[in-house]
Amino acid sequence: MSPLGRLGLLGALCLCSVFDAVCLLDSGMLFPRESSSRELKELSGLWSFRADKSANRNQGFERAWYKSRLAETGPVIDMPVPASYNDITQDPTLRDFIGWVWYEREVVVPARWVADEGTRVVLRVGSAHYYSVVWLNGVKVTEHKGGHLPFEAEIGSLIRKDPSTPCRITIAVNNTLTLETLPPGIIQHMDDRTKYPAGFFVQNIYFDFFNYAGIHRPVLLYTTPQAYVSDITVVTDFLDNTGLVKYQVSVQGATTATLKVTLMDKDRHCVASSSDQSGVLKVVDVKLWWPYLMHETPGYLYSLEVRLMAADGRSTYEDVYTLPVGIRTINVTSTQFLINNKPFYFHGVNKHEDADIRGKGLDWPLIVKDFNLLKWLGANSFRTSHYPYAEEILQMCDRHGIVVIDECPGVGIKDIRSFGNASLSHHLDVMDELVRRDKNHPSVVMWSIANEPAAEMPPAEFYFKTLIKHTKALDPTRPVTYITDSNYARDKGAPYVDVVCVNSYFSWYHDPGHLEVIPIQLNTQFENWYGKYQKPIIQSEYGADAVSGLHNDPPMMFSEEYQKIVLQNYHDVFDQKRKQYVVGELIWNFADFMTAQGITRVVGNKKGVFSRQRQPKAAAFLLKERYWRLANETGRLPPWTKYPCSL
């Protein structure tokens, strides 16, 4: 799916055509970065917090808690941000709470921000689950539908209205899931008073991870000038030894502006420049962005500095924003996934944003630990199962060369009512937000629009055909998929994907305990899917639960030995099929993670090759040996990476 390929002038015209389509998203949400013209103020830390435990969960709105300090309308507790609120206290009703919770923080805004009317002040929330309403000093400034993705509002005029008043930020967050949300869910009311107390209800979900809630990513204030760079879009390619960076800059707040666009290498040397708002930068002796273990310098990033000068008759504004850029291409054939025209084989993992105490809250020590473990494993990729991960994680992937399948929160679409127009409209909006946020990350090589939907249902064909067409219009440079576990002959959406991604758990959910069926059933799975669709296949999930330290010989389910032999049986078939049309394998899962309570889960899902505390099981060592062997077979590694012990 490279927009240029090797066709000279004709290819350049194709690049422009592709780029015009990408620019449908002409109003972006650039990741906040400090520069000579932009400042940040992080609001991480302790916030005042209260759950609305009224019968209808609506007392906070009925009594307008946002109009005064939260402590004035009732008791509050300390709540860390970012973090899920569920595991912070000893209150079991809060752990499983469904409904509105309220956060509040008073902020001291720098005086120069308030005094300078030429400065925009923006409040940004990295993500909150799932519906959010935000007030500043009692005035509603924005609301947002959906979790996992950022939202923001300009608040400069409000903080200047009364500079002597403290800046009080109130955020109400509701984690209720319905058939029209992503992910979907159903609220079930239990009205039998012989069994349940008055007002008893439960949130039914169709996904196998805990429904963590709260403000999961940083909240911050940032500034820009009144005339500012609002978005940058890049599409990259290369021809022989020349890199091509097609860019477009969107500007807000100025009718006319002067731009200076400079592309710099890692040593801050200028390699190309332009004064146009859009164009193609040519890089001689280009250093391509390569995946980890595919090249001796993986994850090479240039810096695209955009410097804006504008005037409105009263003032002159300068804005500076720098975007990391990796130059690489993606292509898909009927049997291969190509990065920079070289075959790429996904040997990686599925993950979750999940850890003790903080739940899904952004946690830098955990992120760095996970990347160290990924590299230790020899993993070159992961899938953001089953929702978009934090932007900070994708930035790490860009720098380290870890390839990403970027998945939206379309997990658990099982009810036919979730294929209706309202659900589809929201799903399209989510894809808009996801592509807008992540379109410039070189590590992101494919969009995944759903996980294990009921794709055999009649409405699924129109639903997924529409989603895939829409996503390709937003970004024609990357393939699109969704993750299936349906029967190949009844899957309504598979004809429209670029890569077939299949989940299967032979000898676990099917024929439990019978390891001898894996080679037969897995081979049949691959032959059926490829025979029908003639598209490359990724085994996007496979695995088995193993309780750390539980051993049994002969192997029995839930023992480390059983998990290990399940993987070995899968690997034998992978080694046959990767020489034909299988282009990847992603273990389920990187680490154990929390789920809802149930008779099939003992304090969470135990399919991780690492425990939830990131300690290895026997399967981790098996996987490490395999992944390093796969990497070494490529023959493109420098000597110091030939053996995992050299790390």
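1. A quick convention to start with: a residue is called buried when its relative accessible area is under 20%, exposed when it is over 50%, and partly exposed in between, using a 1.4 Å probe and protein chains only. By that rule Glu541 is buried, at 4% relative accessibility. Please keep in mind that this is a predicted model, in which local features need pLDDT of at least 70 and side-chain atom pairs count only at pLDDT 80 or more, while totals for chains, interfaces and linings use all residues. Residues are numbered from 1 along each chain as its sequence is written, and side-chain values use heavy atoms, with hydrogens and water left out.

2. Staying with Glu541, you will find this residue in strand β31 (residues 537–541); strands are DSSP runs of E of at least two residues and helices are runs of H or I of at least four, numbered from the N terminus. The Glu541 side chain makes a polar contact of 3.2 Å with that of Arg383. Here a polar contact is a pair of N or O atoms within 3.5 Å; within protein, one must be able to donate a hydrogen and the other to accept it, and residues adjacent in sequence count only if both atoms are side-chain atoms. Beyond four places in sequence, the contacts of Glu541 (heavy atoms within 4.5 Å) include His386, Asn451, Glu452, Tyr505 and Trp588.

3. The overall layout has three parts: domain 1 (39–175 + 211–225), domain 2 (228–325) and domain 3 (337–641), with bounds from an automatic or database domain assignment. The centres of domain 2 and domain 3, taken over C-alpha atoms, are 32 Å apart. Their contact draws on 20 residues from domain 2 and 29 residues from domain 3.

4. For annotation, an unreviewed UniProt entry lists residues 330–631 as "domain: Glycoside hydrolase family 2 catalytic". UniProt positions are given in the numbering used here, feature names are shortened, and annotations may be inferred rather than shown by experiment. In the model, residues 330–631 are 35% helix and 16% strand, with 19 Å between the end C-alpha atoms.

5. Tyr222 is 184 residues from Arg38 in sequence, yet their C-alpha atoms are 6.9 Å apart. Leaving out residues up to four places away in sequence, Arg38 also touches residues including Thr223, Tyr228 and Tyr321.

6. On packing, a nonpolar core means a set of buried Ala, Val, Leu, Ile, Met, Phe, Trp, Tyr and Cys residues joined through side-chain atoms within 4.5 Å. The largest one has 92 residues, and Phe371, Phe382 and Phe464 touch the most other members. Helix α12 (residues 618–633) supplies the largest share of this core, 8 residues. A second, separate core has 49 residues, among them Val261, Ile339, Phe344 and Met446.

7. Finally, the cysteines: the structure holds 0 disulfides, a disulfide being a pair of cysteine sulfur atoms within 2.5 Å. Cys408 is buried, at 1% relative accessible area.
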